[in-house]
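Colleague: I am new to this structure. Please show me how to read it, feature by feature.

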Amino acid sequence: MRHFFTILGHEIRMLLVNPGTYIAAMLFLAIMGLIFTGLLEVYSQQAQETSPAHDFFRLFLGFAVIFIVPLMTMKSVSEERRLGTLETLLTTPVSTAEVVLGKYGAAYFLYLLLWGSTGGLFYLLHRFATDARLLDPGTLIGGYLYIAVSGLLFVAIGVFASALARNQAVAAVLGFVLLMVLIFGPKLALDIQLLQIEAFRPVRTALDYAQVFQHLDDFSRGIIDTRHLFFYFTGTTLTLILTILGVEAKLLHH
Amino acid sequence: MPTADPETAPLTIEVEHLVKTYGGIAAVNDVSFTVRRGEIVGLLGPNGAGKSTTMRILTGFLPATSGIVRICGIPVASRTDEAKRHIGYMPENNPLPEDMRINEYLYYRGRLKEMPREKLHARLDEVLELCDLKRIRHRIIGKLSKGMRQRVGIAEAILGEPEVIIMDEPTIGLDPHQILIVRDLIGGLRGRMSVIISSHILPEIEVTCDRVLIINGGRFVAQGTPAELRREVLGRTHYELEIAGDVAALPAMLAGVDTALAVQMTSGPDDAGFHAVILTTTSDRELGESLLAALTAKSYRVRALSRTHPTLEDVFLAATRRSWDIVDAPAKREAGRPSSEVR
């Protein structure tokens, strides 16, 4: 693992010197700000049951994860493969696992950085809102914790998609679809008539546990369920292992 | 020309019965060869002959289907990471990241090659100097010319001072001046490192390499120094004469010089009465002097006499045209003897 930090440092540096990162970050924050403003308007008109932070995370989980994560990760492996630099990289004493983890680490770092920057929106709210109830620190901490934990899996899926495709656009679409299935899939699947049969009860239970929005609700209510943590950690590990295997399998059939 | 003594220099690359198949089609078919420290070996072959595949297997980037590859005695298949530490590799088309500066890139690569920081800085300066990149080391790689990129690739390959350097078409797409620079660079490695280069540019290989391996259809069709290859594959030497006199009496006279010498072609007399004659022989001996003596003794007037050197190009074409099965036997011979005939 001695090369992990070399690659991680390199990848983060490359992200930070790349103008594309700043453009993406600016767009991300602009849209975040717009939606946040809209949300506050709704709250200023009439009282709501939940705190704005809660709705904020709900909305952005759908938007920011599904759109931003594939855009952030689409380049990571596929660009190296397209340029051929994956070959030079893997002919140094570096293992595929180190390469994948290094790239994953850098993408996750950027993901946290982007989400972290949305903290500014809440600071503004805190600074100017007269009603202290609008800003519930518990919800905020839970929400951000959830973002950090679930981000592990979402970013891993993005890197996985990038490892499978040579073309960045294909990687982005693949990541988009995979995340869509993960985030909305269980909820939609639960509505399928066939699953209502008694014999499918275990499937329904499993799908119920995999509901991403349910996890968010729990986290922002302050419930940190080890089952949820387990879901994301094992999911991340599995996806990363598949990514490493995917990169290696592609080399075999070069 | 070779400075490495083939008898004593340690083997740095050993390849035994290497086979690589892609979906049932053999890209490399039972290839065996060895390279000693300090040798520069050229890998020659038409497109799709298996050059790049062989090189990729040597670097541990691709696994072989069967066979053994050892780099400095370390089997690549089972101890890949260890073997990779002894190799500097420059792939085909020399892929480089577009958005890094030269010195940043080389520093990053040095770290990946596990060079300690203090040593790396000194070595970096040395390599930049060697490859004439010092002035442009802050330039962004994506904006470099082809020749500069190629030099960056070579700098990267020699950065870690590996025992074995593998370069896939290092001179492709360069202008003659840049080719000269790259050739000098590679020539400068002679004696210290083992170098395998592949190329399409035959004179390049001929000038730079101590030994040439010709590969076609995944098998070696010929192997040896450029001079040996000429003899082995073409099997004969040509002499070109321009003489005036009785051309019909020439064959009888030639038998007195060398029994194997024969007239291949005679052209009619030109305005001055001179015939252009091409003689051919299977003999290795230098016949020029005795031929000249015999001709003047028989009162022929000689305007020109030259021994034609078949180029490596001729050898290459002849070797790849021939069925590989016939040539497989001589190809297995250990070659690499010093030769005075290398141009």
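Colleague: What does chain A average in pLDDT?

Modeller: pLDDT is the predictor's confidence in each residue, from 0 to 100. Where it is low, the predicted coordinates should not be read in detail. Chain A averages 83, and 94% of its residues score at least 70. Within chain A, helix α3 (residues 52-73) has the lowest confidence, with a mean of 77. Helix α6 (residues 96-117) of chain A has the highest, at 90.

Colleague: How many helices and strands does chain B have?

Modeller: Helices (H or I, at least four residues) and strands (E, at least two) are DSSP runs, numbered from the N terminus. Chain B has twelve helices and 14 strands.

Colleague: Which domains does the assignment give for chain B?

Modeller: Domain bounds come from an automatic or database domain assignment. For chain B it gives domain 1 (11-232 + 313-331) and domain 2 (236-308). Taken over C-alpha atoms, the centres of these two domains of chain B are 43 Å apart.

Colleague: In what order do the four strands of the open sheet in chain B lie?

Modeller: Strands of a sheet pair through backbone hydrogen bonds, either parallel or antiparallel. Here two strands pair if DSSP finds at least two bridges between them. The order in chain B is β12-β13-β11-β14, with antiparallel pairing. β12 (262-266) and β14 (301-308) of chain B are the edge strands, each pairing on one side only. Four bridges join β12(B) to β13(B), residues 275-281. There, B:V263 has B:L279 as its bridge partner.

Colleague: Which helix packs on this sheet by touching β12 and β13 of chain B?

Modeller: Angles run from 0 to 180 degrees between N-to-C directions, and axes are lines fitted to C-alpha atoms, for helices over the stretch in contact. Contact means that the C-beta atoms of two residues, placed from the backbone, lie within 7 Å. Helix α9 (residues 250-257) of chain B touches those strands, and its direction makes about 140 degrees with that of β12(B). Helix α10 (residues 288-297) of chain B lies across β11 (237-244) and β14 of chain B, at about 160 degrees to β14(B).

Colleague: How many bridges pair β1(B) with β2(B)?

Modeller: Eight, in the antiparallel sense, with β2(B) spanning residues 25-36. B:I13 stands opposite B:V35 in β2(B). Two residues lie between the strands of this hairpin, and B:G23 takes a positive phi near 50 degrees.

Colleague: Why does B:E14 count as partly exposed?

Modeller: A residue is buried if 20 or more other C-beta atoms lie within 10 Å of its own, exposed if 12 or fewer, and partly exposed in between; C-beta atoms are placed from the backbone. B:E14 counts as partly exposed because it has 16 C-beta neighbours inside 10 Å. B:E14 is in strand β1 (residues 11-22) of chain B. Not counting residues up to four places away in sequence, B:E14 touches B:T34 and B:R70.

Colleague: How many residues of chain A are in contact with chain B?

Modeller: 18 residues of chain A are in contact with 21 residues of chain B. On the chain A side, α5(A) gives the most, with four residues.

Definitions and conventions. Residues numbered from 1 in each chain as written. Chains lettered and ligands numbered in written order. Predicted model: local features only at pLDDT ≥ 70, side-chain atom pairs only at ≥ 80, totals over all residues.
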